[in-house]
Amino acid sequence: TGGRKMEEYIHDLLSFNFNGRMNRSRYWMTVLYGFVLSIAISIVLNTLGLENTAIGGIINFAFCILCLPFTVRRLHDLNKSGWWYLVFLIPIIGFFFFFYFGFFKGTDGPNAYGPDPLR
C-alpha cells in the first residue's frame, strides 16, 4: 500500500544506510517519492519567496546527500561498488550509465553486497 511504502521511504531516508541492495522497482518508487517531496519543498520555498536563495540551495543539496544511499544500494544490486556513482558526473557517459543503472535487472541471488532483495 502507498502509506506503507511512504513509511519505508522515510525510514530509508532517515537511516542513511549504504549497506545492502535495492531492486529496480523499490528504487524507482524511492525516486518518485523523492520527486514529489522535492516539488512540495519547491512550492513551499516559492510561496515564501526563498526559491533562489541560499536556503533553497542548502535544502536541495541536503536532499541530494540524503538520497545518496539509495543510489549506492541500487549499484550494489548490480554488484557494483558505490564508487561507481562518480560515473554519473561524466557527461554523456553518465547518461548511458544511468540507463543501465535504472533499468537493468540486478544480480540474481546473493552477491558481494548481500542477499537478493527480490527473495
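**Entry 1: the bend in H3**

I started with helix H3, which bends by about 30 degrees at Cys67, with a proline, Pro69, following within four residues. The bend at a residue is the angle between axes fitted to the seven residues ending there and the seven starting there. Helices here are DSSP runs (H or I, at least four residues), numbered from the N terminus. A note to myself: this is a predicted model, where local features need pLDDT of at least 70, side-chain atom pairs count only at pLDDT 80 or more, and totals for chains, interfaces and linings use all residues. Residues are numbered from 1 along each chain as its sequence is written, and side-chain values use heavy atoms, with hydrogens and water left out.

I then checked the span of H3.

Which residues of H3 are buried? I found Cys67 and Pro69 in that set, together with others including Gly56, Phe63, Arg74 and Asp77. Buried means under 20% relative accessible area, exposed over 50%, and partly exposed in between (1.4 Å probe, protein chains only).

**Entry 2: positive phi**

Most residues other than glycine have a negative phi. Just after H3, Asn79 takes a positive phi of about 65 degrees. Asn79 sits in the loop between helix H3 (54-77) and helix H4 (93-103), and is partly exposed at 37% relative accessibility.

Phe16 has a positive phi as well, about 50 degrees. Its place is the loop between helix H1 (2-15) and helix H2 (24-47). With a relative accessible area of 34%, Phe16 is partly exposed.

**Entry 3: salt bridges**

How many salt bridges does a search of the whole structure find? I got four, a salt bridge being a side-chain nitrogen of Lys or Arg within 4 Å of a carboxyl oxygen of Asp or Glu.

Arg21 pairs with Asp77, their closest N and O atoms being 2.8 Å apart. Arg21 lies in the loop between H1 and H2 and Asp77 in H3, so the pair ties together parts that are 56 residues apart in sequence. Both partners are buried.

Next I looked at Arg119 and Asp116, whose closest N and O atoms are 3.3 Å apart. Arg119 is exposed at 73% relative accessibility, whereas Asp116 is buried at 8%.

Lastly, Lys105 meets Asp108 at 2.3 Å, N to O; Lys105 is partly exposed at 42%.

Conventions:
Helix = DSSP H or I, 4+ residues; strand = E, 2+ residues; numbered from the N terminus.
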